[in-house]
Amino acid sequence: MSRRHVWGVLAMFAVCAAIAPQAWADTAARPVYSVAVVPQFQAVEISRVWVPILERVGQEAGVTLTLKVAKDIPAFEDEVMTGKPDFAYMNPYHQVMAYKAQGYVPLVRDSKLLTGLLVVRQDDPIKSVKELEGKTLAFPAPNAFGASLMIRAQLAELDKVNITPMYAKTHTNAYRQTIVGKTAASGGLRATLDKEPPEVRAMLRVLMETPGAAPHPMSAHPRVPVKVQQAVKAAMLKLASDPEMSAVFKDVPMSNPVAADHVRDYQVLEKYRLERYLE
């Protein structure tokens, strides 16, 4: 190696050494905010999807966003209702409750409406929800919006069907309760059913689907400065259209995020009086 080449390599390392501390300092100087994500899936899957999103959104917004995953949906509800996370990705009725309890402000949501699904085994002879009378059904959690509240309300109020709910803590667990024959049916969402392996989907059949509603928002606690809320909102709207990030946003699922508004999108849910089915 020539002397000129050696000095060139040394100069390159010197530049990298000078830049690295500054990059670290810039990251360390960013304000840190926590982000809770409703645990519809296993923790490892939530981390796989959300960590790269939060890293890029944080870079774009000039903040550091740290992921917090509760052990199950009830634990997530407790954290949000007591205002622990700075930001939270929650279901629509969680948003209604969180707004009343803490003033959480919805920032973005997917443009596609959310619908709940009731599924049975593919080989089950059940053809109508009326045939579920008196049977045990699996749901991810009592207050899961589309996958539990809307379904139980529709069965009771519209179909006049009495069922015994069993709560499996996640959508994945609920589907498997039906597959193994422990429940006659299970509640879920189109998005979570579509994420199941092909062999799991092949064993299930959709029996009923609820009307559509505005889907899960990413919301901010009011203690988060408005300029930070707006920066995070703008970053999510921008990055979802980035070819490198679009596939990850699709896994949220939030493939086409739009600005969310509490009054327009979620306050309307109060008229359904879903509180009668909260547990």
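Helices (H or I, at least four residues) and strands (E, at least two) are DSSP runs, numbered from the N terminus. The model is predicted: local features need pLDDT of at least 70 and side-chain atom pairs count only at pLDDT 80 or more, while totals for chains, interfaces and linings use all residues. Residues are numbered from 1 along each chain as its sequence is written, and side-chain values use heavy atoms, with hydrogens and water left out.

**Whole protein**

Colour by secondary structure: the protein has eleven helices and eleven strands. Next colour by accessibility, where buried means under 20% relative accessible area, exposed over 50%, and partly exposed in between (1.4 Å probe, protein chains only). Of the 279 residues, 49% are buried. For contacts (heavy atoms within 4.5 Å), take those with a separation of 6 or more: 78% of them join residues 24 or more positions apart.

**Helix α2**

Select residues 43-61, helix α2. The expected span of a helix is 1.5 Å times one less than its number of residues.

Now show the buried side of the list for α2: Ile46, Val49, Trp50, Ile53, Leu54, Val57, Gly58 and Ala61. An α-helix has 3.6 residues a turn, so residues three or four places apart point the same way. The cover over the buried residues of α2 includes strands β1 (32-37), β2 (64-68), β3 (87-89) and β10 (217-220), and helices α9 (226-239) and α10 (243-250). Step just past α2 to Gly62, which has a positive phi of about 80 degrees.

**Helix α6**

Select residues 171-179, helix α6, which includes His171. Seven of the nine residues in α6 are buried: His171, Thr172, Ala174, Tyr175, Gln177, Thr178 and Ile179. His171 counts as buried because its relative accessibility is 2%. Leaving out residues up to four places away in sequence, His171 touches Gln40, Pro140, Ala147, Gly188, Leu189 and Thr192. After α6, pick Gly181, whose phi is positive, near 90 degrees.

**Pockets**

Pockets are found on a 1 Å grid over the protein atoms alone, as open sets of points where a 1.4 Å probe fits, with protein on both sides within 12 Å along at least five of seven lines; lining residues have an atom within 4 Å of a point. Grid points are joined across faces, edges and corners, and a volume is the space filled by probe spheres set on the points.

For the largest pocket, about 480 Å³, select Asp110, Lys112, Arg190, Ala191 and Pro253, which lie nearest its centre among 20 lining residues. Helix α7 (residues 190-194) supplies the largest share of this lining, three residues. By class the lining of the largest pocket has eight nonpolar (Ala, Val, Leu, Ile, Met, Phe, Trp, Tyr, Cys and Pro), eight charged (Asp, Glu, Lys and Arg) and four polar residues (the others, Gly among them).

Move to the second largest pocket, about 300 Å³. Its lining has 17 residues, with Met150, Gln154, Pro211, Tyr272 and Leu274 nearest the centre. Helix α5 (residues 145-157) gives the most to this lining, four residues, and the classes are twelve nonpolar, two polar and three charged.

End at Tyr272, in the segment after α11 (262-266). Tyr272 counts as partly exposed, at 42% relative accessibility.
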